[in-house]
Protein chains: 2
Amino acid sequence: MQSMNLEWYRIFLYTARSGSLTKAAQQLHITQPSVSYSIKQLEDTLGAKLFDRLSKGVSLTREGQSLYDYVEQSFAILDAGEKRLQSLQRLTAGELRIGASGPVIRHMLLPSLDRFHAAYPDVRIRLTQGKTAEISGKLQEGSLDLGMVHLPLADPELAVRPLFSIQDCFVVGEAYRKLAQAGRPVAAIRLTKLPLLLLSPGSSTRRFVEGWLQTQGVAAEADIELGSMDMLVEMARRGYGAAFVTRAFVRRELAGGQLFELPLAEPIPPRMIGVASRKAASLPLAAERFMTMLAEAAISE
Amino acid sequence: MQSMNLEWYRIFLYTARSGSLTKAAQQLHITQPSVSYSIKQLEDTLGAKLFDRLSKGVSLTREGQSLYDYVEQSFAILDAGEKRLQSLQRLTAGELRIGASGPVIRHMLLPSLDRFHAAYPDVRIRLTQGKTAEISGKLQEGSLDLGMVHLPLADPELAVRPLFSIQDCFVVGEAYRKLAQAGRPVAAIRLTKLPLLLLSPGSSTRRFVEGWLQTQGVAAEADIELGSMDMLVEMARRGYGAAFVTRAFVRRELAGGQLFELPLAEPIPPRMIGVASRKAASLPLAAERFMTMLAEAAISE
DNA sequence: TGCATGATATAAATCCTCTCTATGGCAACA
DNA sequence: TGTTGCCATAGAGAGGATTTATATCATGCA
């Protein structure tokens with residue numbers, strides 16, 4: 001008599017509550033002798049008499065009462081744990097920790113995030129803004145579930161799924177309108193004659209444009225460096241030069257005639273935005289579900 | 001997949017702690033496939049993936065982590081409960097609730113209680129003084145484990161075990177010395193010529209002496225009524241009359257010549273003191289043990 | 001008393017679940 | 001590419017829990 005079977009405690013609990021082996025058996029959907037047997041096992045294992053057998057049911061001994069207080073608490077906590085788990089499963093609890101860069105948040109994340117939040121309002125959303133490098137760092141250390149990053153991302157610890165294709169371009173304001181609407185494509189070398197408005201060094205967009213210019217045999221030199229695309233656009237509009245931005249980001253301004261895209265002799269290759277997560281850990285259900293939503297949004301685009 | 005086996009949680013706990021099925025298996029003295037099987041059962045039953053299987057062991061998923069916090073607490077409480085129970089079993093915890101009347105406490109309870117307390121200093125002793133009627137009431141309502149009472153006790157709910165035999169007597173002080181030492185036994189009728197010092201009405205000793213006097217054809221009439229035997233003895237010593245007391249209670253005074261026992265024509269029948277407990281509930285271990293000690297003391301007397 | 005009732009205990013057979021052994025698969029590492 | 005260290009799977013087997021049937025005991029009632 002030494003190996004413990006925790007099921008005995010459940011039977012003990014039901015028996016103590018109902019004060020009857022027979023009733024406990026009914027509630028547990030087993031037979032009365034089975035309950036009798038289990039209680040006996042438990043008593044023998046613990047070396048203590050837990051119930052007094054009366055003519056009309058059973059009642060806890062003092063020792064049994066002492067044990068009962070603990071067992072009841074213990075099971076209450078276990079039940080709470082299972083409830084909590086079910087909540088997480090049904091997405092009526094939990095959190096979604098996601099990171100992305102500013103422009104990506106506004107143009108690619110928000111639409112899906114709105115849908116997700118509407119569908120699962122009880123899931124807490126933690127949104128972090130940052131550059132691709134920062135995002136991937138937080139993914140690795142496990143403080144983010146998902147991150148939207150610029151591809152390619154060479155990190156063996158992260159799994160990446162491509163989602164959206166984005167197209168970059170150079171835009172200018174009224175001041176350089178003629179250049180944009182001359183009808184002739186602008187060669188890369190001629191771009192350098194213009195003041196260039198670029199994102200600050202360190203961003204993957206900056207690295208991308210520098211790389212592209214280099215393949216065109218041109219050394220990039222930024223005249224104005226800004227941290228956010230919003231600001232770039234604003235400066236371009238005011239005629240400070242040509243800003244390198246995502247086309248989708250300035251769609252309204254292009255349509256409204258406040259900005260003009262420079263036609264290029266050599267097209268800028270499209271870039272991909274993807275969603276990354278840590279390979280090692282499986283995704284929390286909330287993140288899993290959100291990724292599905294993102295993928296749906298990407299397809300329908 | 002629906003019936004729950006709580007053993008799975010234990011295995012879950014060990015696995016989560018060690019981060020390895022293999023290590024958990026070693027600690028639990030079972031094989032690795034057995035752990036693998038149990039975890040799978042638990043996951044299927046809960047409908048949630050609890051561990052990520054890595055190349056180097058396993059690690060909790062977010063859901064698993066959430067569950068773990070609860071399971072750990074739950075088991076800690078259960079362990080505490082088992083520890084507490086073992087303490088009660090070893091009498092390194094618990095309490096002994098006992099009741100008796102004043103004289104009984106001093107002369108019959110204390111010697112055994114001293115031994116008990118020396119043997120089990122961690123058992124809290126709750127001692128209640130009261131008349132037999134009060135004691136038996138508290139026994140029935142369950143607020144006492146044991147009660148030392150005067151026999152016979154006619155209560156179907158209480159189990160009684162006779163222990164000590166006591167002998168009552170009438171004692172007088174110096175003032176009535178001649179009566180005590182005249183060599184002639186004193187008849188009951190002559191007792192009433194003396195001032196009688198009796199315990200207050202309501203005590204079983206008072207009932208007993210009244211009953212005895214009545215069998216002798218004498219109407220008892222107390223000249224002095226006091227609540228405690230100590231006081232009776234004191235008054236008798238000062239010559240106020242004849243006090244009805246337990247002989248063992250005045251052994252020292254009789255030996256020292258401060259009190260004198262009246263020889264009676266008709267002997268007072270001995271009374272029995274017993275220990276009573278509720279029939280329905282079994283005794284707590286502490287009470288059980290103490291009763292053994294009481295019985296030993298009674299035999300060796 | 002004697003009988004019916006309602007509770008737990010016991011016995012023996014059965015069934016099922018868990019455990020084991022053996023083996024496969026997979027990733028990391030040298 | 002072989003080796004090592006993990007976990008998963010398959011199949012067989014054992015042992016314990018469950019069931020059915022029955023005993024036992026206390027209680028209440030005629």
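Reply: A polar contact is a pair of N or O atoms within 3.5 Å; within protein, one must be able to donate a hydrogen and the other to accept it, and residues adjacent in sequence count only if both atoms are side-chain atoms. Between domain 2 of chain A and domain 3 of chain A, zero residue pairs are in polar contact (both at pLDDT 80 or more). The model is predicted: local features need pLDDT of at least 70 and side-chain atom pairs pLDDT 80 or more, while totals for chains, interfaces and linings use all residues. Residues are numbered from 1 along each chain, chains are lettered from A, and side-chain values use heavy atoms, without hydrogens and water.

Me: What makes A:Arg106 and A:Asp230 a salt bridge?

Reply: A salt bridge requires a side-chain nitrogen of Lys or Arg within 4 Å of a carboxyl oxygen of Asp or Glu. The closest N and O atoms of A:Arg106 and A:Asp230 are 3.8 Å apart, so the pair qualifies. The count between domain 2 of chain A and domain 3 of chain A is one salt bridge.

Me: How do you know which area domain 2 of chain A and domain 3 of chain A bury between them?

Reply: Buried area is the accessible area (1.4 Å probe) that two parts lose on being put together, summed over both. For these two domains, whose bounds come from an automatic or database domain assignment, the value is about 540 Å², with 62% on carbon and sulfur atoms. In domain 2 of chain A, the residues A:Pro103, A:His107 and A:Lys131 lose the most area to domain 3 of chain A, together 60% of what that side buries.

Me: How many residues of each chain are in contact?

Reply: With contact taken as heavy atoms within 4.5 Å, 41 residues of chain B touch 41 residues of chain A. The two chains bury about 3500 Å² between them, 59% of it from carbon and sulfur atoms.

Me: What relates the two copies?

Reply: Superposed by least squares on C-alpha atoms of residues with pLDDT of at least 70 in both, chain B is laid on chain A with an RMSD of 0.3 Å by a turn of 180 degrees and a shift of 0.1 Å along the axis. The copies are therefore related as by a two-fold rotation axis. The same surface serves both copies, as 100% of the contact residues of chain B recur in chain A.
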